[in-house]
Amino acid sequence: MTDPITIPYPPSANRLWRNVGGKTLKSAQYRAWLDAASWEIRAQRPRRVDGPYTLEIIADAPDRRGRDIDNLIKPISDVLKLAGVYADDKAARKVSAEWSDAAPAKGAQVRAIVTPISTEKAA
């Protein structure tokens with residue numbers, strides 16, 4: 001297992017995309033979060049993963065509202081790719097997401113663990 005990568009909590013899934021002139025685009029809030037979060041990830045100097053990997057997401061809740069854990073997968077996967085942790089999120093073989101046991105708090109964070117999958121065949 002690799003060290004967890006700490007990522008700021010992403011915007012709500014309802015705020016990631018906007019329809020503009022018949023096109024679906026990343027919202028300004030999402031673009032700003034992607035930029036800031038990718039710099040925070042790079043500062044942690046995570047090891048780059050080339051090839052297939054698993055992604056484990058552990059999230060702190062930002063407040064007491066009920067949330068769907070699966071809404072975190074896309075933005076976390078996107079920002080890890082943008083930060084260069086892996087070349088393509090299509091290489092993910094397994095993705096899991098869970099809530100941490102931490103009490104809800106402002107400034108909640110997400111931890112991502114990216115683990116390479118060995119493609120070497122056993123002799």
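1. Strand 1 and strand 6 (residues 109-116) run antiparallel and are joined by four bridges. Two strands count as paired if DSSP finds at least two bridges between them. Strands here are DSSP runs of E with at least two residues, helices are runs of H or I with at least four, and both are numbered from the N terminus. Within this pair, I7 stands opposite V110 of strand 6.

2. A word on the source. This is a predicted model, in which local features need pLDDT of at least 70, side-chain atom pairs count only at pLDDT 80 or more, and totals for chains, interfaces and linings use all residues. Residues are numbered from 1 along each chain as its sequence is written, and side-chain values use heavy atoms, with hydrogens and water left out.

3. Four strands take the order 1-6-4-5, and the pairing is mixed. Strand 1 (5-8) and strand 5 (92-99) stand at the edges with a single partner strand each, so one side of each has no neighbour in the sheet. From one strand to the next, the twist averages 20 degrees. Axes for such angles are lines fitted to C-alpha atoms, for helices over the stretch in contact, and angles run from 0 to 180 degrees between N-to-C directions.

4. The chain holds two helices and six strands. From the N terminus on, the order is β-β-β-α-β-α-β-β. The radius of gyration is 15 Å, close to the 14 Å of the globule rule for 123 residues, so the chain is as compact as a globular protein of that length. The radius is taken over C-alpha atoms, and the rule is 2.2 Å times the number of residues to the power 0.38.

5. Helix 2 (residues 73-82) has P75, I76, S77, D78, V79 and L80 buried. Buried means under 20% relative accessible area, exposed over 50%, and partly exposed in between (1.4 Å probe, protein chains only). The cover over these residues includes strand 1, helix 1 (28-43), strand 4 (53-59) and strand 6. G84 follows helix 2 and has a positive phi, near 85 degrees.

6. S100 deserves a look. This residue lies in the loop between strand 5 and strand 6. S100 is buried, at 19% relative accessible area. Leaving aside residues up to four places away in sequence, S100 touches I58, A59, D60 and R111; contact means heavy atoms within 4.5 Å. A polar atom of the S100 side chain lies 3.2 Å from the backbone nitrogen of A102.

Note on methods:
Polar contact = N/O pair within 3.5 Å; in protein donor to acceptor, adjacent residues only side chain to side chain.
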